[in-house]
Amino acid sequence: MSRQEYTCDECGSVIYFEGICYECRQRLKREAYQALTEVEVEAKARAIIAALGALGDKFYTTNDQYEDFFGLLAYKGISTAAIAEAAAEAEVYYPYEIYRDAAPEVRGKLIALVMQPDCGEADHILQCLAIAGGDDVLAAFIRLERNPLPWSENLFVPPSVYARAGGWTFDSEGRRVELNFGRCYPVFPLANGAGTDKAVTVATPRADVCPQCGTGLMDIVTLDGRDERLAFLNLAGVIKIPVCPQCATMCERTLVRYSPGGDSTMELIDPFGDETAMPESEYAEMTSRKFALAERPENLFFARGNDESIITVGGFADWIQDFQYDACPDCGKPMRYFASVPWNALSDWTEGTLFLEICPDCRVISAFHQQT
Ligand SMILES: [Zn+2]
Ligand SMILES: [Zn+2]
Ligand SMILES: [Zn+2]
């Protein structure tokens, strides 16, 4: 039985419903946010603040203002200071991204709450403080880590792990450690064939095969660290990241050991079962699409725009489950998040996202999958 075929009104690609394909719908949504004038952004911010006041902790149920908040954060890079102030006033602590640019007084208010022995919302408030960051937050987290309050018995992890929600943590001496990179570049699909920009290439076929299932491996991303746009990653050369497209979603993680000369090996950690090899037609489709690194950096929260057709390098991940920073298998330190590859960018049949983290000291990369 074959499904009825249509073509996307925007790009002409084949889809199985009438209208506009997912990629075009997301792109139009993004472009609409990017085109907003300052006055329009202000108006949307006021509507978000009004919804926070009217709905309190049910704010997340407002489709329009909730979506607008992430649209403005991802595509306009707005300061969330005024929104954070209103949220604190209304005692709203979710989504925690609201507190990204919280002023010192607002952070102080949250710190005072979490310093109460019986704080009932420590779980959410710690994440709000983590995303706000700041020396005051670091000092409070260190204090709470060393002298846990009674509420900590209800939480599964200590403040140093909550800090990771904000892309940082601290070591046993209380020194702040960055777990994200302070720059973000999208990797956009190219409409027509291959471009000449090879700073980032995606899903490049390899000659070696997966030891578990026999599918050909692919370099899920190849990064040319010599390109000045990628200088923030501090890679010495070309880094290849081989994964099995079949098993990468069916194991705890793929560990990649790399050298800046482009040699890499991969190892599947705790595969869930015995996969069979991926059909050649699927492999061919996954490796057929072409992409290019954006010319200019975007906002650090670009991935939070929730567009599953866009690969991103750097910035903040759009976690599907809880935030996750793997420990380096060699030195034990938390690895640093540096890229996301939503499978949807490569094929129409795989859900979820592959997250990539790195320990540059040990030249190890962890690639792990999350889905709803
Ligand atoms: Zn389209
Ligand atoms: Zn495999
Ligand atoms: Zn390491």
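A donor here is an N, O or S atom within 2.8 Å of the metal (3.2 Å for Na, K and Ca), and since water is not among the atoms, sites may look incomplete. Helices (H or I, at least four residues) and strands (E, at least two) are DSSP runs, numbered from the N terminus.

Buried means under 20% relative accessible area, exposed over 50%, and partly exposed in between (1.4 Å probe, protein chains only).

A word on what you have loaded: this is a predicted model, where local features need pLDDT of at least 70 and side-chain atom pairs count only at pLDDT 80 or more, while totals for chains, interfaces and linings use all residues. Residues are numbered from 1 along each chain as its sequence is written, chains are lettered from A and ligands numbered from 1 in the order in which they are written, and side-chain values use heavy atoms, with hydrogens and water left out.

**Next zinc: ligand 1**

Jump to the zinc ion (ligand 1) and pick Cys8, Cys11, Cys21 and Cys24, which coordinate it through SG at 2.2 to 2.4 Å. The four donor atoms subtend angles of 102 to 116°, which makes this arrangement tetrahedral. The spacing of the donor residues is C-x2-C-x9-C-x2-C. Cys8 belongs to the loop between strand E1 (6-7) and strand E2 (14-15), whereas Cys24 is in helix H1 (residues 22-34), so the pair links parts that are 16 residues apart in sequence. Both Cys8 and Cys24 are buried.

**And ligand 3**

Select the zinc ion (ligand 3) with Cys328, Cys331, Cys359 and Cys362: their SG atoms lie 2.3 to 2.4 Å from the ion. This site is tetrahedral, with angles of 108 to 111° among the four donor atoms, and its donors follow C-x2-C-x27-C-x2-C along the chain. Cys359 is buried at 7% relative accessibility, but Cys362 is partly exposed at 24%.

**A loop stop: Asn344**

Which loop holds Asn344? Look between strand E13 (336-342) and strand E14 (353-359). Asn344 counts as buried, at 15% relative accessibility. Leaving out residues up to four places away in sequence, Asn344 touches Tyr22, Glu23, Arg289, Glu308 and Thr350; contact means heavy atoms within 4.5 Å.

**Into the cores**

Now colour the largest nonpolar core, which has 67 residues; Leu52, Ile98, Tyr99, Val114, Phe141 and Trp151 have the most contacts inside it. Such a core is a set of buried Ala, Val, Leu, Ile, Met, Phe, Trp, Tyr and Cys residues joined through side-chain atoms within 4.5 Å. Among the elements giving two or more residues to this core are helix H2 (38-55), helix H6 (122-132) and strand E3 (168-170), and H6 supplies the largest share, eight residues. Domain 1 (38-178) and domain 2 (181-370) both contribute, so this core lies between them; the domain bounds come from an automatic or database domain assignment.

Centre on Leu52: beyond its neighbours within four places in sequence, Leu52 contacts Phe59, Ile83, Ala86, Ala87, Ala90, Val92 and Ile98. Another core, apart from the largest one, has 48 residues, including Val200, Ile220, Leu235 and Val243.

**Zoom out**

Colour by domain: the C-alpha centres of domain 1 and domain 2 are 29 Å apart, and 19 residues of domain 1 are in contact with 12 residues of domain 2. The protein chain as a whole has nine helices and 15 strands, and its C-alpha trace spans about 60 × 50 × 40 Å along the principal axes. Of its 372 residues, 50% count as buried.

Methods: Four donors count as tetrahedral if all angles lie between 85 and 135 degrees; four count as square planar and six as octahedral if opposite donors are over 155 degrees apart and all others between 65 and 115; anything else is irregular.
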